[in-house]
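Let's take a walk through this one together, from charged pairs to packed cores. Keep the viewer open as you read.

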Amino acid sequence: MTDAELVRLAREHDSEAWKTLCGRYLPVVWRYAYAHMQDVHLAEDLASEVMLAFLKNIHQIDPNAPCIAGWLRTVVRNKAADHLRQSYRIKGQLQLLSLNGTLRPESTAPATALESEETRVRVLEVLEQLPPKHRLLLEWKYLEGLRVREIALRLDESEKGIEALLYRARRVFRRCFDLAEHNSGSASTDSLCEEKLPPK
Amino acid sequence: MKPENESWNDLPPDDSDERPGDPDERLVRQLMQSALAAPEITSGFSAGLMQTLEAEFAHSVVKTRQETTNGEAAHHSWQSLAPVNLATSSELAIASESPILSLPQSNRRFYQYVMTGVAAAALFLALGIWSNRPAYGWAEMLAALERCTWVQTISRLVADQGPASEETAWISRSQGVIARRAGESRVFVDLGRKVVMEFDSKRSTIREQSIVKDSLSWDGEIVSQLLAVQGLPEATNFQNPTQIKLVRESWSRVVSEQHQQELIELQVTIHVAKENGANLAGESRDLVLLIDPQTELPVSARAVFQDRPATRTIRFSYPTKGPGSIYALGVPAEVPANKSVSKGERIAFTEKTTEPDNANGVIVDNLVVVGDPSPKAEVPAAEIPADQAPAKVASNPPVPVSEHRQSRPLPPPLAEDKLVEQVNTILSQFWQAQGVSPVEPASDSEFLRRVYLDLIGRIPVVSEVYGFLDDPGEDRRQRLVDDLLSRRDHATHLAAVWRTILLPEGVDLNRFGGTNKFDAWLADRFGENVAYDDIVRQLLLAEGRVSESGPLLFYAALKLNPEEIAAKTSRVFLGTRMECAQCHDHPYDRWKREQFHELAAFFPRIAVRPSLSFTRRSFEVVGSDRFGRRPPKNERFPTAEHLMPDLENPQAPGTKMEPKFFLTGASVPWGTTDAERRLQLAQWLTANEWFATAVVNRMWAELVGEGFYPTVDDIGPDRTPVAPTAVKLLSRKFAESGYDLKWLIKTICLTEAYQRESRPARGTEGTPFAANVPQRLRSDQLFNSLLSALDSSEELSLRARPQRMAQFSPRGRFADVFAYDPSISREEAVSSIPQVLALMNSPEVNQAVSLNRRNVLEELVNEIPDDEQLTTELYLRCLSRPPTAAEIAAVAEYRSESSNRGEVFVDLAWSLLNSAEFQHRR
């Protein structure tokens with residue numbers, strides 16, 4: 001069943017549909033919340049709030065999957081910003097600890113930790129520039145490990161179509177990332193990515 | 001990499017994760033996984049969140065359906081005039097999707113703006129109409145009935161054959177009482193004690209049976225008694241649960257000629273079944289109720305039997321009082337109760353008081369109190385007007401909370417002479433039965449110092465000592481008590497005592513503005529002799545700015561934590577320690593963990609929010625019904641209901657608890673507002689028998705040195721008092737007095753037990769109340785006594801510079817050093833090294849006890865040349881008694897060894913102030 005159908009059923013008070021929707025989108029929310037907060041407990045709080053907001057706004061959200069994911073990411077980002085504004089000092093300490101390797105035992109040296117952090121931020125920036133559908137496909141494919149058939153079912157598209165989209169998404173991601181790495185700190189990758197985007 | 005010119009449709013389907021031909025594949029995977037790597041979602045969090053989301057989803061569905069159902073049930077013209085109002089938000093959303101999405105992008109945005117404006121306007125109009133749109137139904141009517149203190153029904157069964165029969169029923173959820181009178185039958189059900197009393201007119205006895213069922217639900221047993229199963233043979237069978245199922249309901253507006261007003265006609269079909277073992281036999285009943293649209297309370301009802309040619313009409317009235325016992329239903333007072341109560345359940349207040357210590361003719365009334373211990377609440381059924389249903393519904397809708405925050409006038413004071421005599425007789429018989437003789441009555445000087453310390457918190461000054469000792473009147477002690485109770489110092493002292501009882505220790509109260517406001521508020525109440533139950537009610541209903549409202553400190557000091565408030569409330573006001581049941585069932589008492597959290601469920605909506613003013617930042621305590629209190633950091637799910645933590649899975653949200661009063665089992669439904677919850681609890685609490693008993697025991701322990709129960713705040717149904725008749729008698733009379741604390745204190749002060757000589761605390765084998773027990777002075781008593789002895793004042797207290805902050809003042813430092821837990825018995829409060837050092841070496845005391853021109857000591861040494869007179873003066877000042885001959889001789893001997901007269905008497909004053917006699921109240 002596609003995500004759009006699930007949303008429609010949930011709007012008609014189908015609890016199973018709502019449960020399935022939550023199961024599908026909680027990983028997206030969780031991952032994004034953790035990427036922002038870098039703390040399990042804070043991410044749990046954030047994910048709880050966002051999923052409750054999802055329920056409250058189920059009637060207003062565009063039922064297409066990329067729009068749902070985009071809406072959820074926006075809510076995560078806004079709520080994370082609220083939280084960080086309130087506790088920026090703590091966050092600063094967390095970042096400091098992170099750079100010192102306290103929170104990341106795999107980082108053996110400060111330089112390694114810094115490099116890793118820079119890469120992480122760069123990837124997140126690149127993902128922000130991608131079209132919502134490309135981004136969602138990449139996340140489903142490479143983070144959640146969904147197969148093309150499953151993705152096609154959720155989006156109500158053909159597997160070939162999904163293959164093609166995935167290929168384009170990877171290519172755009174790669175270009176944007178290379179550009180961002182090459183021009184790190186000098187310019188925004190925004191315009192560059194847009195220039196290279198394939199026509200819709 | 002895939003060639004650019006290759007068609008994407010030619011690609012093979014992707015069934016494997018790896019695509020070796022695409023170099024971007026691995027890189028993208030690696031980068032994304034490193035950037036967005038997140039630990040696995042913990043199963044506890046996932047399960048808890050999913051549970052919450054499902055519950056929220058179900059809640060939203062119910063809400064939406066209720067709105068839809070109500071909308072369908074009402075046949076009103078506005079629906080046809082404004083059809084957009086009927087559409088639910090989901091319908092609006094879905095309806096607005098398809099046409100817009102089919103438009104081009106440029107036009108879509110324009111239409112979105114237009115539709116948003118139209119939707120907003122429609123919503124605005126809908127809200128305007130919707131907010132005024134009432135909803136009537138079975139559930140709303142039940143909720144309105146629950147809010148009434150008493151509901152009375154007079155039902156009349158009219159059958160085609162046979163005579164008509166009539167029966168009257170009373171029901172009170174707050175009092176936990178169901179009573180019914182039909183012909184010769186009298187049934188009284190005490191839901192708090194789970195006892196059914198039935199009058200057997202043939203044998204002229206009352207049969208009592210405990211209810212085996214664990215709990216009786218309002219929707220089941222109680223409503224069935226009122227509406228549905230009256231007439232069913234199983235109606236009086238409380239042992240089997242009743243199940244009520246609403247099959248159908250609809251309503252419409254009608255104009256009642258009989259009542260001359262527009263009413264709501266609610267037609268319901270309910271299925272009522274009595275569960276009898278595995279069988280569930282029942283019948284459907286059609287009810288037509290007329291409901292007052294203002295109060296949502298039923299005026300009358302008509303039950304139609306589907307299988308019998310009969311009709312039952314029921315009239316409702318809502319009196320303010322109802323029957324307090326089965327005797328109020330017309331059962332003769334001489335009819336004894338034939339108990340057959342199982343499980344060893346105590347019948348504390350309904351049995352005849354024929355205890356051994358009352359065997360010799362002391363008249364003690366039969367204490368028949370159910371729910372409200374005050375006989376004022378007990379009205380014979382004969383006195384309750386049968387026709388209380390006038391044209392408009394004569395209901396007793398909930399009184400606004402603000403009115404409960406006001407103090408009511410006390411009834412005229414009771415005469416305490418007879419009561420004092422009764423208590424004295426009871427205790428003397430008690431001592432006689434124990435084979436002991438009490439100690440002698442205290443001397444006037446001992447009594448004087450004791451009563452001054454107990455009532456106004458300081459020792460008497462010399463002129464007061466002489467004035468009392470020279471008074472030849474036989475009633476001088478009573479007059480002294482009256483005089484002290486009328487002084488402002490008494491209110492101040494009582495406020496200091498109750499502050500230590502009400503506020504927890506170890507909490508920095510200065511961040512809430514200190515205790516000055518709280519002390520002043522309490523002192524004002526005690527000074528105006530506000531009834532004790534009113535004070536408690538005002539405490540529990542407090543709201544407003546913390547810095548401006550005295551009673552709010554009670555909640556603020558407990559950090560608005562529902563568990564802490566519940567523990568403190570039960571402990572202080574009911575003398576029941578429930579906190580052991582917070583994490584597990586009470587190991588020694590009957591209290592279950594659920595009961596503790598049900599009590600805490602009265603307080604989850606008390607919240608604090610910052611209150612900004614032009615001058616200072618403050619906090620405001622409010623009832624937050626929408627979101628509940630802000631969850632602490634370790635709590636994940638904000639809720640307006642109290643959740644009992646899951647011990648097996650601490651990360652789970654926990655179980656939602658219904659507010660339920662543990663002593664009676666009475667409850668309020670979920671969703672009740674904070675104000676109503678606290679008001680209901682305050683009413684149940686102050687009407688409970690243990691409320692009066694707790695304060696009587698506490699004040700007796702405070703004044704006599706030992707309570708009826710071993711621990712002042714650990715009484716309750718599982719404890720046995722040492723003189724049960726005396727404590728019951730005092731509790732009942734205290735309730736009769738309108739909870740008049742001054743009257744209670746005066747009564748205790750006039751008893752022989754209070755006025756006997758003091759002896760050290762008895763051992764376990766000793767007889768209680770044979771002597772007054774010495775107590776260490778509280779910090780305020782000690783500080784005030786130092787001021788009195790040294791003729792100093794608060795402003796110039798011990799020559800200390802005035803301090804802005806109360807905790808840095810000498811009094812504040814004394815409070816820190818001499819504070820002790822008010823829950824422990826006074827003799828257990830031993831002196832500590834800091835306390836000894838504070839009196840021996842503190843600069844303030846040393847400076848005050850020295851010879852300089854500003855001190856009273858230099859004045860006395862200069863003005864009184866005779867050593868013996870000066871010795872007597874110092875003894876009267878410090879110990880409120882003249883010195884004995886031996887003491888005079890000892891001082892004279894010490895004087896002969898020193899040539900410096902001033903230093904000798906400074907040493908004497910210092911010794912007296914540091915003596916155990918000065919630091920104790922004997």
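Which residue forms a salt bridge with R135(A)? The partner is E139(A), and the closest N and O atoms are 3.0 Å apart. Salt bridge here means a side-chain nitrogen of Lys or Arg within 4 Å of a carboxyl oxygen of Asp or Glu. Before going further, note that this is a predicted model, where local features need pLDDT of at least 70, side-chain atom pairs count only at pLDDT 80 or more, and totals for chains, interfaces and linings use all residues. Residues are numbered from 1 along each chain as its sequence is written, chains are lettered from A and ligands numbered from 1 in the order in which they are written, and side-chain values use heavy atoms, with hydrogens and water left out.

Back to that pair. R135(A) and E139(A) sit four residues apart in helix α7 (residues 132-143) of chain A, so about one helical turn separates them. Helices here are DSSP runs (H or I, at least four residues), numbered from the N terminus. Both R135(A) and E139(A) are buried, where buried means under 20% relative accessible area, exposed over 50%, and partly exposed in between (1.4 Å probe, protein chains only).

Now hop to chain B. R571(B) forms a salt bridge with D713(B), with 2.9 Å between the closest N and O atoms. R571(B) belongs to helix α17 (residues 562-574) of chain B, while D713(B) is in the loop between α20 (689-704) and α21 (724-736) of chain B, so this pair ties together parts that are 142 residues apart in sequence. R571(B) and D713(B) are both buried. E917(B) also forms a salt bridge, with R922(B), at 3.6 Å between the closest N and O atoms; R922(B) counts as partly exposed because its relative accessibility is 38%. Over all chains, the count comes to 44 salt bridges.

Next, helix packing. Two packed helices are described by the angle between their axes and the distance between the axes. In chain B, the axes of helix α11 (residues 462-469) and helix α28 (residues 867-879) come within 9 Å and cross at roughly 90 degrees. Axes are lines fitted to C-alpha atoms, for helices over the stretch in contact, with angles from 0 to 180 degrees between N-to-C directions. That makes α11(B) roughly perpendicular to α28(B), a label that covers 65 to 115 degrees. V462(B), V465(B) and Y466(B) in α11(B) meet E873(B), L876(B) and R877(B) in α28(B), contact being heavy atoms within 4.5 Å.

What about the greasy interior? The largest nonpolar core has 108 residues, and W700(B) and F708(B) are among those with the most contacts inside it. Such a core is a set of buried Ala, Val, Leu, Ile, Met, Phe, Trp, Tyr and Cys residues joined through side-chain atoms within 4.5 Å. Its largest share, ten residues, comes from α20(B). Leaving aside neighbours within four places in sequence, W700(B) is in contact with residues including V423(B), L427(B), F708(B) and F769(B).

Most residues other than glycine have a negative phi. Y739(B), not a glycine, has a positive phi of about 60 degrees. Y739(B) lies in the loop between α21 and α22 (741-750) of chain B, and is buried, with a relative accessible area of 2%.

Key
Helix = DSSP H or I, 4+ residues; strand = E, 2+ residues; numbered from the N terminus. Parallel < 35°, antiparallel > 145°, perpendicular 65-115°, else oblique.
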